[in-house]
Amino acid sequence: MVSKEQILIWLEDVKDPEIPVLSLIDLGVITEVVVDADQVTVEMTPTFVGCPAMDYMKLEVETLLKTKGITPHVNISFKKPWSSDLISEKGKAALKKYGLAPPPSNKVFTDLEILETAICPSCDGDNTEMKSPFGPTLCRALYYCHDCKEAFEQFKPL
Ligand SMILES: [Zn+2]
């Protein structure tokens with residue numbers, strides 16, 4: 001019989017397919033793990049509507065747990081809506097190291113301000129300008145840093 005803690009440690013190895021430094025745990029999409037008799041149930045919540053990565057992430061979770069001898073039920077549920085505030089501090093640090101500006105907390109900004117405010121992941125400056133609300137994926141917005149003279153992406157707050 002496996003513990004919930006062990007499952008969470010294993011799931012640290014499942015990374016966001018678009019951001020290989022960010023585990024699904026740090027991304028905050030694993031909302032619940034229930035170990036009940038010999039059944040393991042994993043609840044996941046979708047991040048951005050239309051992010052096609054969700055089916056892939058679900059498959060990755062199933063595949064990883066199967067290598068540990070577990071055939072889990074993986075449910076994708078909207079019960080607990082995802083927000084970028086669910087990204088862990090460790091996850092935000094990993095995003096920045098990867099060159100992606102972590103999402104600002106959506107508790108302190110209004111919707112409009114939030115997209116105008118991005119901190120450059122290279123120089124930590126805010127002399128930045130949004131170029132496009134849609135980066136290479138729906139989950140990211142494109143910015144330009146006037147100090148570094150370089151474009152960067154921000155993981156969109158939600
Ligand atoms: Zn900069």
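Visitor: How do you know that the length of helix α3 agrees with what a helix should span?
Guide: Helix α3 covers residues 53–67, which makes 15 residues. The expected span is 1.5 Å times one less than the number of residues, so α3 should span 21 Å. Its end C-alpha atoms are 21 Å apart, so the two agree. As for the name, helices (H or I, at least four residues) and strands (E, at least two) are DSSP runs, numbered from the N terminus.

Visitor: Where do these numbers come from?
Guide: This is a predicted model, in which local features need pLDDT of at least 70 and side-chain atom pairs count only at pLDDT 80 or more, while totals for chains, interfaces and linings use all residues. Residues are numbered from 1 along each chain as its sequence is written, and side-chain values use heavy atoms, with hydrogens and water left out.

Visitor: Why is Glu-62 called buried?
Guide: Buried means under 20% relative accessible area, exposed means over 50%, and partly exposed is in between (1.4 Å probe, protein chains only). Glu-62 has a relative accessible area of 18%, so it counts as buried. Glu-62 belongs to helix α3, whose other buried residues include Met-57, Val-61 and Leu-65.

Visitor: What covers the buried residues of α3?
Guide: The cover includes α1 (4–11), α2 (24–27), β1 (30–36), β2 (39–44) and β3. Glu-62 itself touches Pro-72 and Val-74, leaving aside residues up to four places away in sequence; contact means heavy atoms within 4.5 Å. After α3 comes Gly-69, with a positive phi near 85°.

Visitor: What makes the pair of Trp-82 and Phe-155 edge-to-face?
Guide: Rings of Phe, Tyr and Trp (its six-membered ring) pair if their centres lie within 6.5 Å; planes under 30 degrees apart count as stacked, over 60 as edge-to-face and the rest as tilted. Trp-82 and Phe-155 are 6.3 Å apart centre to centre, with 65° between the planes, so they pass both tests for an edge-to-face pair. The pair links distant parts of the chain, 73 residues apart: Trp-82 is in the loop between β3 (73–76) and α4 (89–97), and Phe-155 is in strand β7 (residues 150–155). Trp-82 is buried at 6% relative accessible area, and Phe-155 is buried at 3%.

Visitor: Why is the pair of Tyr-143 and Phe-152 called stacked?
Guide: Their centres are 5.6 Å apart and the angle between the planes is 15°, so by the same rule the pair is stacked. Tyr-143 and Phe-152 are both buried. A search of the whole structure finds two aromatic pairs.

Visitor: How do you know that the charged end of Lys-131 sits over the ring of Tyr-144?
Guide: A charge sits over a ring if NZ of Lys or CZ of Arg is within 6 Å of the ring centre and within 35 degrees of the ring normal. The charged end of Lys-131 is 5.6 Å from the centre of the Tyr-144 ring and is listed as sitting over it.

Visitor: What makes the site of the zinc ion tetrahedral?
Guide: Let's take the donors and then the angles. Donors are N, O and S atoms within 2.8 Å of the metal (3.2 Å for Na, K and Ca); water is not among the atoms, so sites may look incomplete. The SG atoms of Cys-120, Cys-123, Cys-145 and Cys-148 lie at 2.2 to 2.4 Å. Four donors count as tetrahedral if all angles lie between 85 and 135 degrees. The angles here are 105 to 113°, so the site is tetrahedral.

Visitor: Which parts does the pair of Cys-120 and Cys-145 tie together?
Guide: Cys-120 lies in the loop between α5 (111–116) and β5 (128–132), and Cys-145 in strand β6 (residues 140–145), so the pair ties together parts that are 25 residues apart in sequence. Both Cys-120 and Cys-145 are buried.

Visitor: Is Asp-124 buried, partly exposed or exposed?
Guide: Its relative accessible area is 47%, so Asp-124 is partly exposed. Asp-124 sits in the loop between α5 and β5, and its phi is positive, near 65°.

Visitor: Why is Lys-149 called exposed?
Guide: Lys-149 has a relative accessible area of 58%, so it counts as exposed. Lys-149 is in the loop between β6 and β7.

Note on methods
Tetrahedral: all angles 85-135°; square planar, octahedral: opposite > 155°, others 65-115°.
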